[in-house]
Every structure is written in C-alpha cells, then in structure tokens.
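Please read the notes below alongside the coordinates.

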Amino acid sequence: IHRLEESVVNRIAAGEVIQRPVSAVKELVENSLDASSTSINIVIKDGGLKLIQVSDDGHGIRYEDLPILCERHTTSKLSVYEDLQNIKSMGFRGEALASMTYVAHVTVTTITGGQLHGYRVSYRDGVMEHEPKACAAVKGTQIMIENLFYNMTARRKTLQNSADDYAKIVDLICRFAVHHINVSFSCRKHGAARTDVHTVATSSRIDAIKSIYGVSVSRDLIEVTASANDPTCLVFNMHGYISNSNYSAKKMTMVLFINDRLVECTALKRAIEVVYAATLPKASKPFVYMSIILPPEHVDVNVHPTKREVSLLNQERIVETVQTTIESQLRCSNSSRAFLPQQVGPKDLEQKKSTKDSEPNSSPSGSKSQKVPVNKMVRTDSKDPAGRMDAYLQDISIIKQKEKSSLSSMRCAVRQRRNPKETADLTSVQELLSDIDSKCHSDLLDIVKHCTYVGMADDVMALLQHNTRLYLVNVVNLSKELMYQQVLRRFAHFNAIQLSDPAPLYELITMALKEEELDSECKGNDHLKEKIAEMNTDLLKQKAELLEEYFCIHIDKQGNLCRLPVILDQYTPNMDHVPEFVLCLGNDVDWEDEKSCFQTISAALGNFYAMHPPLLPNPAGEGLQFYKKEIDHELLVEAETTWTQREWCIQHVLVPSMRLFLKPPKSMATNGTFVQVASLEKLYRIFERC
C-alpha cells in the first residue's frame, strides 16, 4: 500500500463531484443564489464541454478571498461541523470550484459593492495561475469553465452528445426558475442570438410555470398544501402545484425542492405515482411541483456527493401525509374529465373499416364525423376513475372510513420498475420461462393487459371490464400464477423481507400438521407428527444454502426461518399461511431433479404469496352474523381492516402488476379463472326485443 499523490486524490474527487457538465452548472447556479443574485445568465458551448459561463449580479467575491477561492474545503458557509445542522445555504463543502479547477480551466471575474473596478484571475489545480488583475466588470461574479474534462479522456469520450447534455442543462435551469420566482434566468448556446430559457422575476408561481412549461401545463394545475406542527414527532410545511386528471404526458415531471434545495426523493415520487396510477389514462404521467420546508436540523444535506439527495427525519410520515393530501385533492378535482380519442387494436380495425365503408358521409380525416354506436361505448365512472363498484352500493362515510384505514396501512408502489427478465443463467429456469411463453393464451393476454378493475363480486371473484365485455375472474388463481411467474423471472435476484422474530421450522411444521388434522376431522399419531416435523426440519436445514442463494429464503443454523423473498415490490404475503408453506417445502419439493425442484419451490411460493381470502369471515357479507354472535368489537374492526386491505391490494397491486407481467396460461380459459358474464352488444339486443 502506498500513499497517493495529492494531485491524483484531487482529480479522483473532482470526477465524483463534477460528473458531467450539468453538475458544474448546478453548483455554479447554487453559488449565485447563495450570493443573493436577482439575475443569472448561463452560456453553453458544445453541451458544456468547451464552455460554461455563469454570470450573476450577486454580492461578489472579496479581493482578499481570491487566493484561496478554489482550494479544497474553503467556504464561507460554515466554520464548525455543528453549523451543518442548521445550514440554510446550498453550498457548504467548499469542493465544487476546487473540483472544477482539477478537470477544467477556470476563470473568475468579480466585483463587490463599492469597488471602482473588478478583478480577473485564472485557476488550475486549486491555485491561482497569476495574481488577480484589475479589469472592468459589472456588479456580481462571472465564472468561466473551459475545456471541461480535458485531462479525463475516458469521461470526455462518453459525453460527446452535446445536444443531450445541453438539454439536461436547460431542464435544470427550468426547475430553478420555477422555484426561485424572484430571480430572472436566461440560458443560451454560445453564439446564438435567442435564449432557450428566459424568465423574469414574478410574484406568481403559476405565471412562472406557464412561461417555462407552457399553457398546456399551467391550465391543468391545482394547488396543494399540507403541514404538520407537532414538535414531538413531525414538523413540516408543503406547498405545490400538481396536474389534474385532464393533464397527460409521456414522462413524469417532478420538480422537488426541500428547504429551497433542488433534490430527488424516490420514495415520494413512487408514492405520487401510486396515486396517479388510478387517475390518469394508461401510460400518462403527471406534472408535480412541490416545495417542502422543514427545520434545518431535521434535514441531513451531506449524504450525496452532488447533493442530489437529502435525508429527512420522519420521511415515511411526511411521504404518507403528502400522498394522502394529493389523493384527496385529485378526488375533489375529478368532477370533469377530458379524454383523447382511444386507439383501437388490430381486432377492431376490420369493424372500423366496414363501418366506414357503410357510411358514405364519413370523413377520411378523423373521428369528428364518426359516431360510435351506443352499444359499443365503453363506460367509465367519473366519480372514481378506477371504477370501484362500492361507490354505488355503500354510504360515502363508510367508503371514506374504509379508504382511510386501508391507505394508512397499505402504502405500496404498484408499478414495478425492475426488469422482470433478469434471471440466473440456468438452463432449467430458462426452460420453465419458455414453457410460460409457449402456453400463454393470446386472447386472455389482451384482456389482462387492457382491463379495468370494477370491484369484488365475492371473496374470491373480481369483476374486470375489457372493452364492452364484463368478466368474473378468480383473483386467487390469478395471483398464484403471477407470483409463480415472478419467482422465475426474479430467480436469484430477490430483495428480502426480514421477519421481526425468527420462526422455528419445527414449530411451524407441527402447526401445519395439526391444521391438516383439523381439516380432515380425524386424529392422528402425535409421535408420527413429531417425526415428520423433525425430518422436514433437518431436510430444510440441509437445503438452506440453495434456498438462500436462489430464492432468498434464509434458514439459520438453529433451524429458524429468518427471511422471505420480495416477489412483488412492497407486497407482503399473509403470514397466516407460513406453516402451510414450510410444510409444502418439506413434503412436495423434488430435491433430486433441478428443473422439478425449482418448479415446485416456485409453485409453493406462488401459492403462499397468492391473495387468499383472510381467515376471519368477511364482515361485509354473511360473516357479519359471526361477529354479532361473538359481540367482539375489536375483532370486527380487525376483520374490516384486513378485508379492506386485501381489496385495496387487489385493485392497486395485483391488477397493475398483472397488466405488466402476467402471461395467462391456456388452462385459465377453461378452468373457471375467466368467465364472461356480460356483453354490451348482447344486452342491447335483449333490450331492443323488449
């Protein structure tokens, strides 16, 4: 081991802080904002590789500070580490300018208030190349970064797409301009007469959004606010603008500022996506601007090299409060909807063509003159875009109570971003995946991918709408097949669910055997059950390494079940079925044949993670009589919560994941999993006879 030279250390650190041209622009703009600037101008050449010039009208840099301006860890923002707990400025490390001098040529021109002239000085490798020279200057500071990454050949080669880098810089400036409405921004390419971004100071956030993103965004925005002021657990204020149900875009735009700092928050973004997934049409994304203010001591800003992320105290509660507020606002603003014309599938093209031929007055240009027959219109419920059947059957107060109880306990992301095809390189797994593809039913696949959830018909069957047809589907069979397929797709690439208390395998298997005895209504040999439990426990302990490596099922040396895999992100199975699952692993798995072994373990996981009805009777149906006899209010509340959570999970987790990942096998067309119960065209024929 040898000590690296300081120049090498500095260049390595610079490559981490200044990752690409937009990183340098962000640091310079934040410095300008810290300097109380009211006007910031940016000039870019070749995507920032040849030139980045940032000029502001801030308070400037003192002459005495110029010699150490670009040294590492020199800053005016703090003096001791404790200052970091109450930091309000955007810069604090004193690394940005220093890093730029190690990977580019930096020239600073500055003048402070009261001076007759300014000073210009060039820097390289953290030190001045010459003494500051007097020069004419306007109020503020101008920093020029030339030949960025000139001494990092590999980095420079990866950044040859100047148009892409310039687009990132423009997007960054737009985000700053939306939040800092009291500052005017401009950004243009070097040599261009017109600016690509130009904003003026304004008192209206909506006007700022309109000037940057256009009227099509600003006209569909609604204001949201949320706050909490409990010093013992949660203190924050949130203000922002979110798009309503009429807004539609291909890519989500989220502008998030926490304590006036432009950051990203994956948890908050996913929570907002969950809300909009049930509101916007398929493949449409929202626009969100949000500013969250917290006490400085509740924010840790020193968690990312480029300060792109921050760590918040009570982050989960803040995210939950914001999500609930947005959900409430969207529901209140959802009285009217504007829909774009729907695209038709290949099966509908022939019908459309024949309709067009039979109507001589139909115009070739579009849908204005083509009237859809009433018996082929697809209905949607304007009160609830997800089309919940409960809205027509129950009192509003009951619905709100159920939504509150379910949403408070089931906040999970429904659209998984993980690549489902990332699997281990094993022939047996590939063969099992090929079997899934070969057995896929094409018509059922179309139904699954384009269905709309209507509601639960009973404890097991749900109603799905596809075009003008209504289907009863078995959610247990669907979820079982989906989980089985996801286990194979995520093979050896699982995240883990950590059990709060390790569960002894012996006790779990014994419990499962006793349940089987109750189901069969016959008493067995206790000694035999103990022997079966011991044998299965020993077997699973022997196979612990395989289960851990491929399925993330962790069994410790003492024979305790400690971890389970995550099959659908943020979905947790019903732990009442753990004993049955462990017994199935011991009894039903063929450990000798590789393909059969993986298939049976995947099937056991699929059955365990399937959305079975809870063990408690459903209080919304005939099960209510059970609770009247028991007269146990707590048990009734627990049952209502459990069943409401299950239905919420079916609607917001199972159905969206099914659309993305499920390939229904041909057997589902004949085994009662899918049953067509109504067709709008046939219903109209019946009513026409009447």
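1. Basis. This is a predicted model, in which local features need pLDDT of at least 70, side-chain atom pairs count only at pLDDT 80 or more, and totals for chains, interfaces and linings use all residues. Residues are numbered from 1 along each chain as its sequence is written, and side-chain values use heavy atoms, with hydrogens and water left out.

2. Overall content. The protein has 23 helices and 23 strands; helices (H or I, at least four residues) and strands (E, at least two) are DSSP runs, numbered from the N terminus. Of its 690 residues, 46% count as buried, meaning under 20% relative accessible area with a 1.4 Å probe, protein chains only.

3. Surface and contacts. The accessible surface comes to about 36,300 Å², and 51% of it belongs to carbon and sulfur atoms; the areas come from the Shrake-Rupley method with a 1.4 Å probe. Among contacts with a separation of 6 or more, 71% are between residues 24 or more positions apart, a contact being heavy atoms within 4.5 Å.

4. Helix pair H19 and H20. Helix H19 (residues 578-588) packs on helix H20 (residues 594-609) at an angle of about 165°, with the axes 10 Å apart. Axes are lines fitted to C-alpha atoms over the stretch in contact, and angles run from 0 to 180 degrees between N-to-C directions. H19 is therefore roughly antiparallel to H20 (over 145 degrees). The crossing is right-handed, that is, the near helix is turned clockwise from the far one by less than a right angle.

5. Residues in that pair. From H19, Val578, Glu580, Phe581, Cys584, Leu585 and Asp588 meet Thr600, Ile601, Ala604, Leu605, Asn607 and Phe608 of H20. Eight of the residues in this contact are nonpolar, two polar and two charged. Ala, Val, Leu, Ile, Met, Phe, Trp, Tyr, Cys and Pro count as nonpolar, Asp, Glu, Lys and Arg as charged, and the others, Gly among them, as polar.

6. Ala35. Ala35 lies in the loop between helix H2 (21-34) and strand S1 (39-45). Is Ala35 buried or exposed? Its relative accessible area is 11%, so Ala35 is buried. Beyond neighbours within four places in sequence, Ala35 is in contact with Gly58 and His59. The C-alpha atoms of Ala35 and Asp56, 21 residues apart along the chain, are separated by 8.7 Å.

7. Ser291. Strand S14 (residues 287-293) holds Ser291, which counts as buried at 11% relative accessibility. Which residues does Ser291 touch, not counting those up to four places away in sequence? They are His179, Asn237, Met238, His239 and Phe257.

Key: Buried < 20%, exposed > 50% of the residue type's maximum accessible area, 1.4 Å probe, protein only. Parallel < 35°, antiparallel > 145°, perpendicular 65-115°, else oblique.
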